[in-house]
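Hi,

Here is the structure I said I would pass on.

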Amino acid sequence: MQAFIQGVGIGGSLIMAVGAQNAFVLKQGLKRSHSLPIAALCSIIDALMITAGVAGLGHLILAFPLIKDIASIGGAIFLLVYGAKALKSSFVSQSLAQDGTKATGSLKAAVLTTLGISFLNPHLYLDTVVLLGSISAQFEGADRPLFGAGAVLASFVWFFSLSFGARYLSPLFQKPKAWCYLDRFICLTMWTIATVLIWPYIV
């Protein structure tokens with residue numbers, strides 16, 4: 001059980017850090033726009049990456065730096081574009097009540113955005129496959145998959161809690177300024193991550 005508990009603690013601390021996935025899940029939860037499928041998809045993606053890391057895939061990624069380079073550049077471009085859209089949206093007056101009268105967007109578009117935010121962000125691979133995979137190497141036998149199972153559980157609990165918890169913020173987002181601040185926060189988050197990704201290639 002010690003390995004499992006460590007998996008929950010370490011996995012949870014990595015997943016809960018502010019990032020592209022969390023910002024997107026939060027906004028979808030506030031809008032109640034395909035929030036549960038998106039939370040489930042993020043959890044499944046993390047589960048697959050954590051499992052791959054525990055199985056030793058992290059060594060393969062470290063052995064081929066080109067994989068990381070391609071993901072970094074592609075991910076930075078994607079996050080810059082998504083951040084620009086969020087910034088543009090921040091200048092449009094809207095509230096949760098107004099948003100509810102509009103089309104919430106297709107599930108396909110939300111899924112594709114989730115896949116892009118997840119798989120085009122090298123931090124996903126570094127945190128789950130490489131870092132958690134490396135930490136799991138200290139465990140032997142059945143303890144290693146138990147560590148991975150704990151990290152997977154932390155991911156599911158976090159994303160669904162974020163999706164459901166966002167609904168309690170609904171009264172705040174009846175005010176247009178709240179959406180403005182959220183969109184600008186999302187823009188800042190996306191652009192910060194994009195900058196971190198491409199900075200090594202421009203200095």
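Predicted model: local features only at pLDDT ≥ 70, side-chain atom pairs only at ≥ 80, totals over all residues.

The expected span of a helix is 1.5 Å times one less than its number of residues.

Helix α8 covers residues 122-136, so 15 residues, and its first and last C-alpha atoms are 20 Å apart, close to the 21 Å expected. Its buried residues are Pro122, Leu124, Thr128, Val129, Val130, Leu132, Gly133, Ile135 and Ser136.

Now the inside. The largest nonpolar core has 29 residues, and the ones touching the most other members are Leu30, Leu79, Leu182, Ile186 and Met190. Two or more residues each come from α2 (20-31), α3 (35-54), α5 (65-89), α7 (107-119), α9 (143-165) and α10 (176-202). The largest share, nine residues, is from α10. Take Met190: beyond its neighbours within four places in sequence, Met190 is in contact with Ala20, Ala23, Leu79, Tyr82, Gly83 and Ile117. There is also another core, apart from that one, with ten residues, including Ala47, Ile50, Phe147 and Ala151.

How do α3 and α7 pack? Their axes are 10 Å apart and at an angle of about 30°. Angles under 35 degrees count as roughly parallel, so α3 is roughly parallel to α7. The crossing of α3 past α7 is right-handed. On the α3 side the residues involved are Pro37, Ile38, Leu41, Cys42, Ile45 and Met49, and they meet Leu107, Ala110, Val111, Thr114, Leu115, Ser118 and Phe119 of α7.

Cheers

Terms used. Residues numbered from 1 in each chain as written. Heavy atoms only, no water. Helix = DSSP H or I, 4+ residues; strand = E, 2+ residues; numbered from the N terminus. Buried < 20%, exposed > 50% of the residue type's maximum accessible area, 1.4 Å probe, protein only. Core = buried A, V, L, I, M, F, W, Y, C linked by side-chain atoms within 4.5 Å. Contact = heavy atoms within 4.5 Å. Axes fitted to C-alpha atoms, helices over the stretch in contact; angles between N-to-C directions. Parallel < 35°, antiparallel > 145°, perpendicular 65-115°, else oblique. Left-handed = near helix turned anticlockwise from the far one by under 90°.
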